[in-house]
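Subject: Structure for your files

Hello,

Here is the structure I said I would pass on. My notes on it follow below.

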Amino acid sequence: MFFKYKTIFIILIILLSGCSLNNSYHQNELGNVSILIETPSDRDNVLLRENLKRLINTNQKSQSKYKLDASISYNSSETLSVRGLNVLNSTKAKINYKLVEISTEKVIKSGSFNSFPALSSSSSSLYSNEIARRHIKDRLNLISAQKMKLILKVTLSRLN
């Protein structure tokens, strides 16, 4: 009797693990698709383009099928800390994008999204404020590129 329940339990675990492992092979990878990424030529947008190229890892040997026009801008504002004693700087990134199929010039998806705010404290030193602002922009840039990769993955998986 115990042997019967044990074999049924083992067969059930094998079936469940087999179904869950099967789904991992059907993920749409962006490495199979060639995407041409175009951004403006300022520092932050060039950094966004390089982060996207590194994250997407597109197939550069084939002819580009899609073109991604993207630009990033930042908005900073002052906020109060939790206790209300210190002034903090809150910075958000806004990314505008447009995905176009090159052969037909058809816009597949366009839009914009905002990142979560990143906080930094203000200092009396102008140099430390500038360095902190640059680090925050770099971090927001990478986070925005990761979100853009996710948007591209979902959009291109719907096309196929």
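Phe9 sits in helix α1, which covers residues 2–23. Together with Ile10, Ile13 and Ile14, Phe9 makes a nonpolar surface patch of about 400 Å². Please keep in mind that this is a predicted model.

On the strands: β3 (residues 87–101) pairs with β2 (residues 66–80) in the antiparallel sense, over 15 bridges. Within that pairing, Ala70 has Tyr97 of β3 as its bridge partner. β3 also runs antiparallel to β4 (residues 106–114), joined by 8 bridges, and Val100 is partnered with Val107 of β4. A hairpin is formed by β3 and β4 with 4 residues between them, and Glu105 in the turn has a positive phi of about 55°.

On the charges: the whole structure holds 4 salt bridges. Arg43, Asp44 and Asp138 form a network of them. The Arg43 to Asp44 contact is 3.6 Å, N to O, while the closest N and O atoms of Asp138 and Arg43 are 3.2 Å apart. Asp138 is in helix α3 (residues 126–159) and Arg43 in helix α2 (residues 43–56), so this pair ties together parts 95 residues apart in sequence. Asp44 is buried, at 13% relative accessibility, whereas Arg43 is partly exposed at 46% and Asp138 is partly exposed at 24%.

Another salt bridge joins Glu130 and Arg133 at 3.0 Å, N to O. Both residues lie in helix α3, about one turn apart.

Regards

Terms used: Residues are numbered from 1 along each chain as its sequence is written. This is a predicted model: local features need pLDDT of at least 70, side-chain atom pairs count only at pLDDT 80 or more; totals for chains, interfaces and linings use all residues. Side-chain values use heavy atoms; hydrogens and water are left out. Patches are made of residues with over 30% relative accessible area and no salt bridge: like charges are joined within 9 Å, nonpolar side chains (Val, Leu, Ile, Met, Phe, Trp, Tyr) within 5 Å. Accessible areas come from the Shrake-Rupley method with a 1.4 Å probe; for residues, only the protein chains shown count as cover. A salt bridge is a side-chain nitrogen of Lys or Arg within 4 Å of a carboxyl oxygen of Asp or Glu. Helices (H or I, at least four residues) and strands (E, at least two) are DSSP runs, numbered from the N terminus. Two strands pair if DSSP finds at least two bridges between them. Buried means under 20% relative accessible area, exposed over 50%, partly exposed in between (1.4 Å probe, protein chains only).
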